[in-house]
Amino acid sequence: MASRQWCEGHSTPVLCVGASGGPEGLLASGSEEGEVTVWNQEGAVLASLRLPSGDDVTSAVFSPAAPGLLYVSHGEMVSVLDPRSLTGAVEELQGAGEEEINSLALNETGSALAVADDSGVVRVLELPGGKVNRTLRRHTNIVSSVAFRPLRPNNLVSAGLDMQVMLWSLQKTRPVWTLNLQEMAEEEEGHQQKAGQLFNPPLAHCVSVATCGNVLACAAEDGRVHLMRVGSGSKLDQQGAIKAHSHGASQAHFLSFLPHPYWLVTGGNDGMVALWDLSQNPVVTVEDKGKPQAAPVHRRRPKARAKAKLQSQAKPQQAKEETKKEREEEEVEEGSSVDQSPGTEEALKSGPKLSFSHGDKVNWVCPTLLRGEPSLVVADQSPNLSVYSLAGL
């Protein structure tokens with residue numbers, strides 16, 4: 001598939017890309033050794049900056065409420081930049097992470113910033129100012145990705161190298177539920193790896209939430225993208241997976257500008273990029289009334305939490321049932337019924353709607369509109385960006 005190259009913005013491999021929702025439609029990219037570049041819609045470099053720390057820039061997100069604010073993570077710090085005047089940091093949120101930060105996420109109002117780092121901690125900072133509002137400690141290894149749930153500003157999702165995905169309510173410091181990806185992969189009937197694929201544990205690399213707020217996708221090292229549906233009371237209603245890549249899946253992002261919210265783009269270490277229509281996937285669709293219900297899956301939280309190694313298997317966790325009533329969006333029922341949907345992987349027999357070889361290991365995929373045209377901006381091991389058009393899809 002033909003692509004356009006955006007060049008001369010970096011001298012080191014690009015690690016992350018973010019798109020602004022503002023009228024100017026700016027894009028920002030961050031690379032190794034502290035480089036940040038702002039681009040216009042045509043791929044021209046508007047400004048570049050090398051951060052004084054020289055640490056790799058691992059995440060770049062624009063404020064949805066104030067497109068003139070760009071948040072970038074490097075080392076244990078978060079710098080607030082003005083993309084229209086990239087002369088230096090407007091504000092430094094020092095100590096935002098306990099160790100190197102891997103992922104940033106902003107809620108829809110731009111009033112809260114979630115920070116995920118190597119220590120296994122997720123911190124939620126109040127904006128402006130950067131005061132720590134919540135410190136969430138349940139992961140037993142590196143937290144690689146974090147995302148807020150659209151329409152539910154007090155809910156966020158985290159995923160990590162402990163092979164766990166957690167849904168949090170910011171009114172509490174314990175997760176609403178925890179899904180152990182390795183356990184689910186082992187329980188799935190008839191699970192077989194793709195030919196030529198090494199047996200890799202499902203270390204979670206990237207988590208995304210559809211604009212409806214109820215469907216989650218998590219790209220993992222086993223080459224799969226694990227899907228989850230959140231039901232009433234924030235319960236985990238259903239989960240499944242799609243066989244997305246022959247090597248580790250590094251990226252999964254829902255697209256917000258296509259006719260329905262269930263379009264998902266994935267990227268992997270196999271150099272492939274794929275676009276999926278999940279609207280008919282069993283995890284997304286309303287379950288048939290005649291379909292037998294799965295037995296409730298009740299999980300206990302382990303009492304002790306030693307620091308996990310990459311090969312360790314975290315025990316299944318599920319919080320105890322709560323009887324105290326709260327508002328529907330903050331209701332916590334821990335010990336939910338989960339339909340494991342063993343046939344989910346076979347539901348997409350036709351595979352992705354679009355799949356192409358990018359030719360290099362994918363570091364980041366950013367879906368965005370460029371001059372009104374649906375597009376994918378892909379970062380890899382090079383200092384350049386590749387732009388693929390989705391026009392005519």
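Modeller: First, a term: helices (H or I, at least four residues) and strands (E, at least two) are DSSP runs, numbered from the N terminus. The model is predicted, so local features need pLDDT of at least 70 and side-chain atom pairs count only at pLDDT 80 or more, while totals for chains, interfaces and linings use all residues. Residues are numbered from 1 along each chain as its sequence is written, and side-chain values use heavy atoms, with hydrogens and water left out.

Now the spot itself. Proline 128 sits in the loop between β12 (121-126) and β13. The peptide bond that joins leucine 127 to proline 128 is cis, with omega at about -5°. Most peptide bonds are trans, and most residues other than glycine have a negative phi.

Two strands pair if DSSP finds at least two bridges between them. The sheet is open and has four strands, in the order β10-β11-β12-β13, with antiparallel pairing. Its edges are β10 (101-106) and β13 (131-137); each has a single partner strand, so one side of each has no neighbour in the sheet. On average, neighbouring strands here are turned by 20° against each other, direction ignored. That angle is taken between axes, which are lines fitted to C-alpha atoms (for helices over the stretch in contact); angles run from 0 to 180 degrees between N-to-C directions. Serine 103, for example, has alanine 116 in β11 as its bridge partner.

Next, the backbone at two other loops. Glutamate 33 is not a glycine, yet its phi is positive, about 65°. This residue lies in the loop between β3 (27-31) and β4 (35-39). Arginine 371 also has a positive phi, near 50°, and is not a glycine either. Its loop lies between β26 (364-370) and β27 (373-379). How open are these two places? Buried means under 20% relative accessible area, exposed over 50%, and partly exposed in between (1.4 Å probe, protein chains only). Glutamate 33 has 40% relative accessibility, so it counts as partly exposed. Arginine 371 is exposed, because its relative accessible area is 65%.

A further loop residue, proline 83, lies between β8 (77-81) and β9 (89-93). Its relative accessible area is 3%, so it is buried. What does proline 83 touch? Contact means heavy atoms within 4.5 Å. Not counting residues up to four places away in sequence, proline 83 touches Leu26, Val38, Phe62, Pro67, Gly68, Leu69 and Leu70. Valine 36 is 47 residues from proline 83 in sequence, but 9.7 Å away in space, C-alpha to C-alpha.

A nonpolar core is a set of buried Ala, Val, Leu, Ile, Met, Phe, Trp, Tyr and Cys residues joined through side-chain atoms within 4.5 Å. The largest has 27 residues; Val17, Val36, Leu70, Val72, Val377 and Leu385 have the most contacts inside it. Apart from it lies another core, of 20 residues, including Ala217 and Val283. In soluble globular proteins, nonpolar side chains tend to be buried together.

Aromatic rings come next. Rings of Phe, Tyr and Trp (its six-membered ring) pair if their centres lie within 6.5 Å; planes under 30 degrees apart count as stacked, over 60 as edge-to-face, and the rest as tilted. The structure holds two aromatic pairs. In one, phenylalanine 356 and tyrosine 388 have ring centres 4.3 Å apart and planes at 40°, so the pair is tilted. The pair links distant parts of the chain, 32 residues apart: phenylalanine 356 is in β25 (residues 354-357) and tyrosine 388 in β28 (residues 385-389). Phenylalanine 356 is buried, because its relative accessibility is 6%. Tyrosine 388 is buried at 3%.

Then the cysteines. A disulfide is a pair of cysteine sulfur atoms within 2.5 Å, and the count is zero. The cysteine sulfur closest to that of cysteine 218 is in cysteine 206, 7.6 Å away, which is too far for a bond.

Last, the whole chain. It has two helices and 28 strands. Of its 393 residues, 57% count as buried.
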